[in-house]
2 protein chains.
Amino acid sequence: MMPHDLQQTISLLSHTPATLNALLRNQPEIWTLRDEGPGTWSAFDVVGHLIHCEQADWITRATTILQFGEDQAFEPLNRQTRAGQGQSLDHLLDEFTHLRKRNLDELRELNLQPSDLNRRGRHPAFGPVTLSQLLAAWAVHDLTHLHQIARTMAHQYRDAVGPWSAYLGVLQCNGHSAPP
Amino acid sequence: MMPHDLQQTISLLSHTPATLNALLRNQPEIWTLRDEGPGTWSAFDVVGHLIHCEQADWITRATTILQFGEDQAFEPLNRQTRAGQGQSLDHLLDEFTHLRKRNLDELRELNLQPSDLNRRGRHPAFGPVTLSQLLAAWAVHDLTHLHQIARTMAHQYRDAVGPWSAYLGVLQCNGHSAPP
């Protein structure tokens, strides 16, 4: 498989903090603190999860691939962990912005060449993966959670829109949750 | 049904232009000009559609309700119409930002009272609707298209993420398209 274009990935990753800031900062709590029901996340929770992933997931795993290849599986992550409980959303958005910038600086310093993207590591659940797949997944993970935040916000007006719900696709989305 | 809180709706609507600017401006074309296949829209197309709706849909229909109530059905809209074909994405983002600000200024000038939100109009497809439902649908329409843009961007890396696709819910989303 062709490795993807790393500059496209970095561009997407670098736009996410400003996107979440523009969408969520200075909004009433209905748009940031409400979830979709028991066991689901608010936008606040999602930002906390993204912080945890910046701390423990993507860059950590990239360096594991470069150092150990397939010899050492990635540390399993608890995908339910969220940072920042009890803090303000503004604080979380600042923290995510800071961590993302630091991690992208670290990614650029790795000075990856196209051949590096084919290097392999080992995922604890699904086995051999490439560095290319890991970095592409980092970007699509941002989009999965942007998609989730839009759906969670829309859910708050599920009744308020009345018959328009038939035309508003986001209200038909069931979340496509990943297996636990 | 309780009318919704108009200030929450205005807050959401006022955040959308900056959100789309942060997400889409200065991105490589893979994130802005590619769609999900024949008959689907790129992010560029979605912004063109949002411009058309600012020009012809929400505020126009709100004033129709206030002037004519249920006596005059809304003009049917072509939901496939997109403004800005042949122009740059930056131009479209500027145009959307300008139109949204103008329409929110107009909404505030209507100085709607809680009782106004219960006023009724007539939708050409689903009959009686309230002003409250129309304004709530305007907000959720933004979220439907943010949800769509995230999905369309993610689609470009459908193959690149390899086995991670099982964990990335946005890749399972089929779009929940509204009936044509």
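Here is a short chat about how two chains meet in a predicted model.

Me: What makes residues of chain A and chain B count as part of the contact, and how many are there?
Reply: The test is heavy atoms within 4.5 Å. The contact takes in 62 residues from chain A and 62 residues from chain B.

Me: How much area do chain A and chain B bury between them, and on which atoms?
Reply: About 5100 Å² gets buried between the two, with 73% of it on carbon and sulfur atoms. That figure is accessible area lost on putting the parts together, summed over both, so it covers chain A and chain B.

Me: What about salt bridges between chain A and chain B, how many are there?
Reply: The count is zero. A salt bridge needs a side-chain nitrogen of Lys or Arg within 4 Å of a carboxyl oxygen of Asp or Glu. Polar contacts are another story: the rule finds 17 residue pairs across the interface, both residues at pLDDT 80 or more.

Me: Which element gives the largest share of chain A's side?
Reply: That's α6(A), with 16 residues. By class, the side of chain A that touches chain B has 37 nonpolar, 19 polar and six charged residues.

Methods:
Residues numbered from 1 in each chain as written. Chains lettered and ligands numbered in written order. Predicted model: local features only at pLDDT ≥ 70, side-chain atom pairs only at ≥ 80, totals over all residues. Heavy atoms only, no water. Buried area = accessible area lost by both parts, 1.4 Å probe. Polar contact = N/O pair within 3.5 Å; in protein donor to acceptor, adjacent residues only side chain to side chain. Helix = DSSP H or I, 4+ residues; strand = E, 2+ residues; numbered from the N terminus. Nonpolar A, V, L, I, M, F, W, Y, C, P; charged D, E, K, R; others polar.
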